[in-house]
Amino acid sequence: MLPTVKAIRYVAPLREGGSLPGIMEADDDGTYVVKYRGAGQGPKALVAELLAGEIGRALGLPVPDAALIDVAADFGRLEIDYEIGHLLRTSEGLNYALDYLPGSITYDPLVPPAPDGVFAADVVWFDAFTTNPDRTPRNANMLEWHGRIWLIDHGAALYFHHDWADVMARAKDPFGRVAQHVLLPFADDVRAADPRAQERLSGSVFEAILADVPDTWLEEGYRDEAPDDIRDHYLEYLVTRLEGSAAFVEEAARG
């Protein structure tokens, strides 16, 4: 289960992204990069962040430690920046937080050394599985820290949930955008990544991850169904996509 911490101090905004995430300190003495439910993308972006991030962790990939962070109703009352204050006031309750990696730098594929081929293949498989369009040379969404590449920013993944029509058909999408993946030129055979992933993922793994998604995130912008029913739809999608992995694996291999 993801830990839940309480926000105690707003440190600084991160203005590189459109959602204006912020660095916050919490009552566990940790410092986090926080994605807010009140941001323009809404709570579905947080659902994607949580699900994709924990799937990546289940695959053994380097994703910063995550938590749910509770932001109090009056947290932004003294913030002089209107945009930040409004964001904090509309994000009362649980938000998504990742461990802050101080001193990390943005990954640049042109700077050696090249990433390990097996690692690159596993990341390509992961992003194809989660339909993540945001791991391109233009916007790698990876950090280098302490000699490792870390995967961040999964809010655009699992984009099927923005339109629930034909969900099961879309679970079999070969994901043509994988050809633009920043790590594809460095990857070993992506077909070999499939059995490694299949060993680590299953319906029970997905169920455990979905249990961490707060009900409040599933009560906004979805169909008029109970949160557990919505979790069931996600589960069916993920299981179907895992069973049909050959479609996106072959697409990546062609890429």
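Q: Which strands each supply at least two residues of the lining of the second largest pocket?
A: β7 (142–145) and β8 do. Strands here are DSSP runs of E with at least two residues, helices are runs of H or I with at least four, and both are numbered from the N terminus. This is a predicted model, where local features need pLDDT of at least 70, side-chain atom pairs count only at pLDDT 80 or more, and totals for chains, interfaces and linings use all residues. Residues are numbered from 1 along each chain as its sequence is written, and side-chain values use heavy atoms, with hydrogens and water left out.

Q: What makes a residue part of a pocket lining?
A: It must have an atom within 4 Å of a pocket point. The points sit on a 1 Å grid over the protein atoms alone; a pocket is an open set with protein on both sides within 12 Å along at least five of seven lines, whereas in a cavity a 1.4 Å probe fits but cannot get out. The second largest pocket has 15 lining residues, and P115, E144, G147, R148 and I149 lie nearest its centre. Its volume is about 240 Å³, taken as the space filled by probe spheres set on the points, which are joined across faces, edges and corners.

Q: How do the residues of the lining of the second largest pocket divide?
A: Into 10 nonpolar, 2 polar and 3 charged. Ala, Val, Leu, Ile, Met, Phe, Trp, Tyr, Cys and Pro count as nonpolar, Asp, Glu, Lys and Arg as charged, and the others, Gly among them, as polar.

Q: How do you know that the span of α3 is close to the expected one?
A: The rule is 1.5 Å times one less than the number of residues. Helix α3 (residues 117–129) has 13 residues and reaches 18 Å from first C-alpha to last, close to the 18 Å expected. α1 also passes: it has 16 residues and reaches 22 Å, close to the 22 Å expected.

Q: Why is α3 called mostly covered?
A: Buried means under 20% relative accessible area, exposed over 50%, and partly exposed in between, with a 1.4 Å probe and protein chains only. In α3, 12 of its 13 residues are buried, among them F119, W125 and F126. The cover includes α1 (43–58), β8 (148–151) and α5 (190–200). α1 is itself largely enclosed by the rest of the structure, because 14 of its 16 residues are buried.

Q: What makes T130 buried, and what does T130 touch?
A: T130 has a relative accessible area of 0%, so it counts as buried. It sits in the loop between α3 and β7. Contact means heavy atoms within 4.5 Å. Leaving aside neighbours within four places in sequence, T130 contacts A52, I55, A157 and L158. A polar atom of its side chain also lies 3.0 Å from the backbone oxygen of F126.

Q: Are D29 and F175 buried or exposed?
A: D29 is exposed, because its relative accessible area is 77%. F175 is at 3%, so it counts as buried. D29 has a positive phi of about 70 degrees, and F175 one of about 60 degrees. Most residues other than glycine have a negative phi.

Q: What makes the peptide bond from P112 to P113 stand out?
A: It is cis, with omega near 5 degrees. Most peptide bonds are trans.

Key: A polar contact is a pair of N or O atoms within 3.5 Å; within protein, one must be able to donate a hydrogen and the other to accept it, and residues adjacent in sequence count only if both atoms are side-chain atoms.
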